[in-house]
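Here's a quick briefing on how two chains meet. Have a look at the model first, then read on.

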Protein chains: 2
Amino acid sequence: MHTIKIALLGAGTVGSGVIQALSMNADIIAGRSGAYIEIKKILVRDAKKKRPEVNGILLTDNFDEILDDEEISIVVEVMGGLSPARDYMLRSMAAGKHVVTANKDVIAQHLSELYTAANENTVDFLYEASVGGGIPIIKPLKECLTANKISEIMGVINGTTNYMLTKMTEKHISYDAVLRRAQEKGYAEANPSADVDGLDAARKAAILASLAFDTVIEFEDVSVEGISHITEDDIEYGLNLGYVIKLLAVGRNTDDGIDVRVHPVFLPKMHPLASVNGVFNAVFVRGDVIGDAMFYGRGAGALPTASAVVADIIEVVRDIVSGTTGRMKYRIGERKKLCPVEKTRSSYYLRLVVADEPGVLGEIATTFGRAKVSLKSVIQARWTEDGDAEIVAVTHVVTHAAASAAAEALRALPVVREVRSLIRVADGQEDTI
Amino acid sequence: MHTIKIALLGAGTVGSGVIQALSMNADIIAGRSGAYIEIKKILVRDAKKKRPEVNGILLTDNFDEILDDEEISIVVEVMGGLSPARDYMLRSMAAGKHVVTANKDVIAQHLSELYTAANENTVDFLYEASVGGGIPIIKPLKECLTANKISEIMGVINGTTNYMLTKMTEKHISYDAVLRRAQEKGYAEANPSADVDGLDAARKAAILASLAFDTVIEFEDVSVEGISHITEDDIEYGLNLGYVIKLLAVGRNTDDGIDVRVHPVFLPKMHPLASVNGVFNAVFVRGDVIGDAMFYGRGAGALPTASAVVADIIEVVRDIVSGTTGRMKYRIGERKKLCPVEKTRSSYYLRLVVADEPGVLGEIATTFGRAKVSLKSVIQARWTEDGDAEIVAVTHVVTHAAASAAAEALRALPVVREVRSLIRVADGQEDTI
């Protein structure tokens, strides 16, 4: 059995997971791939830094040492970020090397370009780890659900925010307190924006929607709302109404175009995604042949992510062994019309602070009615410390435009002090969130 | 774009699902596979029977008409049963045709033989639909979890029994009543044995365990217990203790050997498999790199199963288009030592009917103690119509041998009228059911 030599770009969390996984299961992996896999070189920023986990592997801070090494047939990009990762991947392919990557940033913005480069150079190009950590979801979409026209994809695909929302729900603590705890545990960055503002989930949503709907969806096409405005009060009210809150990525193939969004959603407790807790991720897919399917597992972490990266490496090695690299022409659909977020439909939960005066509930209900938003329920929830009243309303399914207009009209009422929350509710009807 | 011609063996439930799926998404499928797919011939028992769903496709009752047709490059076996399906698949491969099958019976008993035939004839051989209906699980095991040493696989993989147990739990109805309802709905056969006695699940468990543990597990290697002895009383007691009952397939790679079983299990309500209800299936996998992962979807039905069959057909067509058929050498591990069921470990739930006499509870607890089975709880649950007492005991984790010996010793006590139930309980500890 011969040996295939590979290089890693990056030795951070995912990189060290890959090193560990390849070493702990070396014999099993060789048996499954038909060759031994050897990491020959690792690109790092500082090649002199001591790295006990990297025993005996050559470290270099010069990408050309990898590019020019003809023994290296697979480049595994686990450095993250747009630049120089994208450039390194393109140059690796141009040099005839196969590329495996875990990089959601690059895939969410440059998938077409990378596909073209892979096709032109007849190399393999795989990126399972870019979405959902270890969960197999890219290959299932590309190879297992191919009989289906997919109408909908929904996912809990950011572990940090899911951990935070789960803890807020279980422990009734504030957003700020849970963010600090997530930062202490290393689940959230010092600057948590990429996670809590939904940007990480939006990148993954773009990738999933591109594959599910045979089109090109880029990061900028995704309508994004984060979780930093979610309060423990909203979570509590939601629980009483039978809902748990999740930051969801939603993709839909609608008559009005492709609709891709990331935002918080109140899900009924019985929904399969409602019990995806903590750092777990799950992706729910609805196709016209398979019906509903769901893929569940750890969405992040060194080893789970390495599970996906190493599976991709093994696939390339199998192709090398059987002489069939570049066998797939990578194919991405045409750009399709996007559905403007205003046209998307959902129930909505609104929480208002109003003056505690007679007739207020009537005035609010009338304002909803004038905005053509019909209400499922409206309750006076409690009094605030200032002696104002807090009102919680849940609407029937309306367009986002109508819900926003209703919120605007409510804000203009003299009795309304504040529209504190406007959160989508999945009411169980199909095709609405 | 050219056309690949295929033949179906069988036009039953799955066969008609395949015809429908290929026709409803013909253009999407052609775009994804790189060729149009045409069903040229269908093997049926009675070629003269009117079949409105088969418009324009040639029906034949003579397999040789398919075998000798050089235009047909893929044979899709959806007839089910061991014979003649196995023979037809082997002869198709010998004639250089690729084979796709949904046949769990053949795969659970003859996988090695079929792999050898596929390798010798350099043809593709795929069987995603043999387990879990539409759920992608075979390909994920073969291609996505390849970095992992898998320690455990657990699944709800029989839709009929899951429908029955779900209904018994929700509606508090008897086994006999729910079986009749399942038969009326077409979920259970007139002779329901294959489902309710766990045989169908055992075949699928053998397939999953073979792939998960790189070995050959055949149907006869699986220890099987069905659900026909489960009563609504047990389900009720279980609910009160915090458990829901599922017929589980369990595979474990233990120090005592490979352990593969199918039997009812009380699962804690929070377990990911506990909320897999009705005709849904799910397979839970634990690997040393990925951690826990789960695959969920419709485990049966014409279209969901066709989703898997057609995905396999598309994979073969892609290989034909790129000239890479037979690229994978199909590889199955050596037979490994099996773990005898007596050595497997679990908590157990026991329900006893005893004489309503003073000191009975003590006598029972002493008997458990002598059998070296320690108890987590023992309660006198209620009186029976005959004035006897019903006792429910839950043990700590013990071997199956110890639990069986305790049940035997209890049966020998003069005060014990009957040991009505002995059901495994997943107590949340790892590696025990």
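Between chain A and chain B there are 4 salt bridges, each being a side-chain nitrogen of Lys or Arg within 4 Å of a carboxyl oxygen of Asp or Glu. Keep in mind that this is a predicted model, where local features need pLDDT of at least 70, side-chain atom pairs count only at pLDDT 80 or more, and totals for chains, interfaces and linings use all residues. Side-chain values use heavy atoms, with hydrogens and water left out.

- One salt bridge pairs the side chains of Arg32(A) and Asp214(B), at 3.0 Å from N to O.

**What chain A brings**
- α1 (13-24), α2 (26-33), α6 (138-144), β12 (291-298) and α12 (302-322) of chain A each put at least two residues on the side that touches chain B; helices (H or I, at least four residues) and strands (E, at least two) are DSSP runs, numbered from the N terminus.
- α12(A) gives the largest share of that side, with 10 residues.

**Extent**
- The contact (heavy atoms within 4.5 Å) draws 47 residues from chain A and 47 residues from chain B.

**Strand pairing**
- β12(A) and β12(B) (residues 291-298) run antiparallel, joined by 5 bridges; strands pair if DSSP finds at least two bridges between them.
- Met294(A) has Tyr296(B) as its bridge partner in β12(B).

Key
Residues numbered from 1 in each chain as written. Chains lettered and ligands numbered in written order.
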